[in-house]
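Reader: I have a model open on my screen and would like to talk through a few of its features. Could you take my questions one at a time?

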Amino acid sequence: MKPYNYPEPLQDLERAVNVWAQLKAETGAPGLAEKMAEIKSLLAEKLAELRALPDDPALRAAEPEDLEGIRALRPGGPRRYWTGLPEAEYRDRLEGAWLGRCAGNVLGSIVELWEPDKMERWAAYLGDAFPPIDYWSEAERPFEFKYETSRRDAFTPSKMDGVPTDDDLIYTQLGLLILEDYGLDFTVDDVGAAWVKYLPVSPASPVLGNLQAGVPAREAAIVDNPTQFWIIGDIQSDPWGYAAPGYPEKAAEFSWRNATISSRRNGIYGAMYFSAVIAAAFALGDPMAALQAGLSEIPADCALAREVRWALDAAGHINDYRAARAAADERYAGMHLVHTINNVALTIWGLSIGGDDFTKVIGETVAMGMDNDCTAASAGSIFGAAYGKDAIPEHWTRNFNNKAHSFIIGTESFAIDDMVDRFTALAGKVLAGD
């Protein structure tokens, strides 16, 4: 059963209205301005009615947003594996997780949202392997900047000096700062303050604008925001898993506090799920076991949990990126390409297809398309947390040069080894109960 029954989209109707209005303007049709004003007024009226439609009460009850309600509906499972920090093991896996996240993101960033056939044609044009086994040798529109900090050609081996800037990496850096600035008992309000203090932009979401306009942090996700279930929650997952290794319950709690700023219901659950998965991967050393363990921290009957179970069950029959994308397109027809649920399925399949081969994990995941810099980053992080830094081939990290660039206000880059040191200090406090 598909998770949602989407209505027919209105893009064709909107385009028809616009082009007919243009033609009528060109032919001097009388009454055009009045007719367009009438159409706009009617659309605004119907949009207001659409927004006022009540949620299904049974579904709403199965998908609470408060932490107590979420925990009441989660299944049984291991809440904690590590009671103390095995520092040498943790540091190795933490470095693997962060490097894996960076590599997956960098590979996907300059082909973000590309369809598989477009990537295939680009690879053939360049003479690159597909699915990719190294970074793209050239970038389309190399002279353009991402987030006004890293040029697109900085994501290619010949131009790369440090990890280029991308929003999927910024939130890991920001999570570190939130924990250091506000402590382990940080609140949703603290997260809101950190967004305003550190973020000049926050892509694909009105949340930062809401905060800057004075909307309270706990309401910023729901004011004029139809993207509450999109992937912005789960791309913020990693710092909470890094700070609570072997302790998925605490990682999910941290993630809930953070994701409430931007997400609701399955958007929050996606964040909590991946934080718990990463925390479990440190202890279990097995990405697929960690993906199963993460289900213990979200409501058992929410849409995300059902789809994670379905994706795990289907994984044995998904053997490459083509099969993965076809399965996702069939089940999630009508779902936005940056939604949490469809991209979670692709992340799961990237890890299952790749197994213990890092290159295959991120290469196949990127080749699936959709929000593929996000999915490959998550897959790379889970892989690294499970297997450690030595499982990541050197060609993926040789040009990182111990620095990850940033658009965080006041910080041009973070030293990778310094981030490892700082997360290690935090993880020690978390596992000690401080």
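Reader: Which residues form a nonpolar patch on the surface?

Author: Keeping in mind that this is a predicted model, the patch is formed by Val19, Trp20 and Leu23, which together have about 280 Å² of accessible area.

Reader: Switching topic, how much space lies in the largest pocket, and which residues lie nearest its centre?

Author: The largest pocket holds about 2,300 Å³ of space, and of the 43 residues that line it, Tyr6, Pro7, Leu47, Leu50 and Pro226 lie nearest the centre. Two or more lining residues come from each of α1 (11-26), α2 (32-52) and α3 (57-62).

Reader: Which of those gives the largest share, and what is the lining like by class?

Author: Helix α2 gives the largest share, with nine residues, while by class the lining of the largest pocket has 21 nonpolar, nine polar and 13 charged residues.

Reader: Now leucine 94: which helix is it in, and why does it count as buried or exposed?

Author: Leucine 94 belongs to helix α5, residues 87-109, and it counts as buried because its relative accessibility is 1%, which is under the 20% cut-off.

Reader: And how far apart are leucine 94 and lysine 389?

Author: In sequence they are 295 residues apart, whereas in space leucine 94 and lysine 389 are 7.9 Å apart, taken from C-alpha to C-alpha.

Definitions and conventions
Residues numbered from 1 in each chain as written. Predicted model: local features only at pLDDT ≥ 70, side-chain atom pairs only at ≥ 80, totals over all residues. Heavy atoms only, no water. 1 Å grid on protein atoms, 1.4 Å probe; cavity = no way out; pocket = protein on both sides within 12 Å on 5 of 7 lines; lining within 4 Å. Points joined across faces, edges and corners; volume = space filled by probe spheres on them. Helix = DSSP H or I, 4+ residues; strand = E, 2+ residues; numbered from the N terminus. Nonpolar A, V, L, I, M, F, W, Y, C, P; charged D, E, K, R; others polar. Patch = residues over 30% accessible without salt bridge, like charges linked within 9 Å, V, L, I, M, F, W, Y side chains within 5 Å. Areas by Shrake-Rupley, 256 points an atom, 1.4 Å probe, with all protein chains shown as cover. Salt bridge = Lys/Arg side-chain N within 4 Å of Asp/Glu carboxyl O. Buried < 20%, exposed > 50% of the residue type's maximum accessible area, 1.4 Å probe, protein only.
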